[in-house]
Amino acid sequence: YERRSAELGVEVLPGLMSPHCTSRRLSVCQAIGEKVAAAIAYALKGDTYFRQVELINTYIGDCGAAAICEALQSHPAIEVLILKGNNIRAEGAVAVARLVEATRSLKALSLEWNNIGSPESGIAALAQALRVNRTITELDLRNNKITAEGARALAQMLTANQTLVCMDLRFNKIGTAGGSALLEALGCNNTLSGLALIGNEVDFAVVRQIEARLGACDRVRQELRCQADAMQQTQQSLAELSHRYRCVAQEAERVPCMTEELKRCEC
């Protein structure tokens with residue numbers, strides 16, 4: 001990291017790449033720009049230590065976000081990526097989408113307070129990537145100027161994605177049309193349990209229907225969990241019975257030998 005920073009002519013952030021022994025977290029919360037982001041990305045290539053990368057209000061822009069996401073595509077253990085407040089637009093969102101398609105470990109992604117919703121090509125690329133992603137359970141897209149068209153892209157994603165559990169869309173511009181598209185998509189999705197829509201001018205009746213649909217999905221999931229627990233208990237009981245049967249069978253095999261021994265003793 002320090003060598004690459006020198007090559008790019010940028011200041012080294014003291015202690016940035018020093019391991020946090022307990023959290024395994026790389027965190028930057030100050031304006032650094034895209035060149036410093038490029039140096040950080042260079043250091044992350046080949047890394048296996050960090051589990052969480054946070055670049056909050058760093059203003060790295062599309063180029064910086066692309067560098068970070070490219071470096072993390074092959075990371076075997078990254079679980080949380082927070083890119084809040086970085087002036088990421090459609091081009092940067094496309095780079096994030098490539099990471100989402102490639103990752104096998106990322107569980108939580110936050111793009112809060114950026115601008116990936118305008119034009120719609122950014123959110124469309126991200127939604128398409130999420131259709132095939134099988135690891136991300138939490139997605140934060142607050143304050144991203146996502147329109148009804150972007151919400152429709154996310155709705156189509158929900159019909160295919162069966163991994164996402166929570167999605168935060170607060171303070172965007174999806175409107176009632178976007179909310180209705182999301183409501184319809186929930187009919188094909190049984191995994192999403194949290195969908196935050198405050199500050200989107202979605203009709204209250206649509207919001208209530210979404211809440212009801214999510215509540216129904218929760219009940220279905222609880223029933224499925226109960227059925228799975230019952231099946232597990234049944235399997236355990238069957239395993240115990242099988243073990244007992246084998247023990248009884250082994251004892252039964254010994255009976256003739258014991259009978260012969262008793263006869264010899266009587267004689």
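Me: How are H5 and H6 oriented to each other?
Reply: This is a predicted model. In it, the axes of helix H5 (residues 121-132) and helix H6 (residues 148-158) cross at roughly 5°. Angles under 35 degrees count as roughly parallel, so H5 and H6 are roughly parallel to each other.

Me: And within what distance do the axes come?
Reply: The axes of H5 and H6 come within 8 Å.

Me: Which residues meet there?
Reply: From H5, Ile 123, Ala 124, Ala 127, Leu 130 and Arg 131. On the H6 side they meet Gly 150, Ala 153, Leu 154, Gln 156 and Met 157.

Me: How many of the residues in that contact are nonpolar, polar or charged?
Reply: Seven are nonpolar, two are polar and one is charged.

Me: Switching to strands. Which way do the residues of S2 point?
Reply: In strand S2 (residues 52-55), Gln 52 and Glu 54 point one way, while Val 53 and Leu 55 point the other way. All of them are buried. In a regular strand the side chains alternate between the two faces of the sheet.

Me: How many bridges join S1 to S2?
Reply: Four, and strand S1 (residues 25-28) runs parallel to S2. Arg 25 stands opposite Gln 52 in S2. Between S1 and S2 the chain passes through helix H2 (residues 33-44), in a right-handed β-α-β crossover.

Me: What about S2 and S3, parallel or antiparallel?
Reply: S2 pairs with strand S3 (residues 80-82) in the parallel sense, over three bridges. Here Glu 54 is opposite Ile 82 in S3.

Me: Which helix does the chain cross through from S2 to S3?
Reply: Helix H3 (residues 61-72), and this β-α-β crossover is right-handed.

Definitions and conventions:
Residues are numbered from 1 along each chain as its sequence is written. This is a predicted model: local features need pLDDT of at least 70, side-chain atom pairs count only at pLDDT 80 or more; totals for chains, interfaces and linings use all residues. Side-chain values use heavy atoms; hydrogens and water are left out. Axes are lines fitted to C-alpha atoms, for helices over the stretch in contact, and angles run from 0 to 180 degrees between N-to-C directions. Helices (H or I, at least four residues) and strands (E, at least two) are DSSP runs, numbered from the N terminus. Angles under 35 degrees count as roughly parallel, over 145 as roughly antiparallel, 65 to 115 as roughly perpendicular and the rest as oblique. Contact means heavy atoms within 4.5 Å. Ala, Val, Leu, Ile, Met, Phe, Trp, Tyr, Cys and Pro count as nonpolar, Asp, Glu, Lys and Arg as charged, and the others, Gly among them, as polar. Buried means under 20% relative accessible area, exposed over 50%, partly exposed in between (1.4 Å probe, protein chains only). Two strands pair if DSSP finds at least two bridges between them. A crossover is right-handed if, with the strands pointing away from the viewer, the path from the first strand over the helix to the second runs clockwise.
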